[in-house]
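Hi,

Here is the structure I promised to pass on.

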Amino acid sequence: MLRLGVGFGSLIALVLLLVLAFEIWMFVEAVKNPRLTDTERLLWCLGMLVIHPVVAIVYYFIEYQKV
C-alpha cells in the first residue's frame, strides 16, 4: 500500500479547500451580479453546481473580470 504521509495529505486537503472556497466565491458573485439576466445567472449557477471548478474558472475570466 502506498503511504504518502501526513504532510502530502494535508497539502492535498489545503488545495481542495482553496478550490472549494473559490467555487463558493464565484457562485455567490454570479448570484449577486446585476449585469446578468435571470437566464444567464441560472445557467452559470447550474454549471457551477454540475461541473464545479471548470465553470467557476471560466466565469472568473469571462464575467468577474468585467467589474
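At what angle do helix α2 and helix α3 pack, and how far apart are their axes? Bear in mind that this is a predicted model. The angle between α2 (residues 38-51) and α3 (residues 53-62) comes out at about 140°, and the axes are 6 Å apart.

On the α2 side, the contact is made by Trp44, Gly47, Met48 and Ile51. Facing them from α3 are Pro53, Val54, Val55, Ala56, Val58, Tyr59 and Ile62. By type, that contact has 10 nonpolar residues, one polar and no charged.

Next, the core. The largest nonpolar core has nine residues: Met26, Ala30, Leu36, Trp44, Cys45, Met48, Val55, Ala56 and Tyr59. As a general point, nonpolar side chains in soluble globular proteins tend to be buried together.

Setting aside neighbours within four places in sequence, Tyr59 is in contact with Met26, Glu29, Ala30, Asn33, Leu36, Trp44, Met48 and Tyr64.

Then there are the aromatics. The structure holds seven aromatic pairs. Another edge-to-face pair is Tyr60 with Phe61, with centres 5.1 Å apart and planes at 85°. Ring pairs also join Phe22, Trp25, Tyr60, Phe61 and Tyr64 into a cluster.

- Phe22: partly exposed, at 23% relative accessible area
- Trp25: partly exposed, at 37%
- Tyr60: partly exposed, at 23%
- Phe61: exposed, at 57%

Why does Phe61 count as exposed? Because its relative accessible area is 57%, and the cut-off for exposed is over 50%.

Finally, what does Phe22 touch beyond residues up to four places away in sequence? The list is Ala56, Ile57 and Tyr60. With Ile57, Phe22 is 35 residues apart along the chain, yet their C-alpha atoms are separated by 8.7 Å.

Cheers

Technical notes: Residues numbered from 1 in each chain as written. Predicted model: local features only at pLDDT ≥ 70, side-chain atom pairs only at ≥ 80, totals over all residues. Heavy atoms only, no water. Axes fitted to C-alpha atoms, helices over the stretch in contact; angles between N-to-C directions. Helix = DSSP H or I, 4+ residues; strand = E, 2+ residues; numbered from the N terminus. Contact = heavy atoms within 4.5 Å. Nonpolar A, V, L, I, M, F, W, Y, C, P; charged D, E, K, R; others polar. Core = buried A, V, L, I, M, F, W, Y, C linked by side-chain atoms within 4.5 Å. Buried < 20%, exposed > 50% of the residue type's maximum accessible area, 1.4 Å probe, protein only. Phe/Tyr/Trp six-rings, centres within 6.5 Å; stacked < 30°, edge-to-face > 60°.
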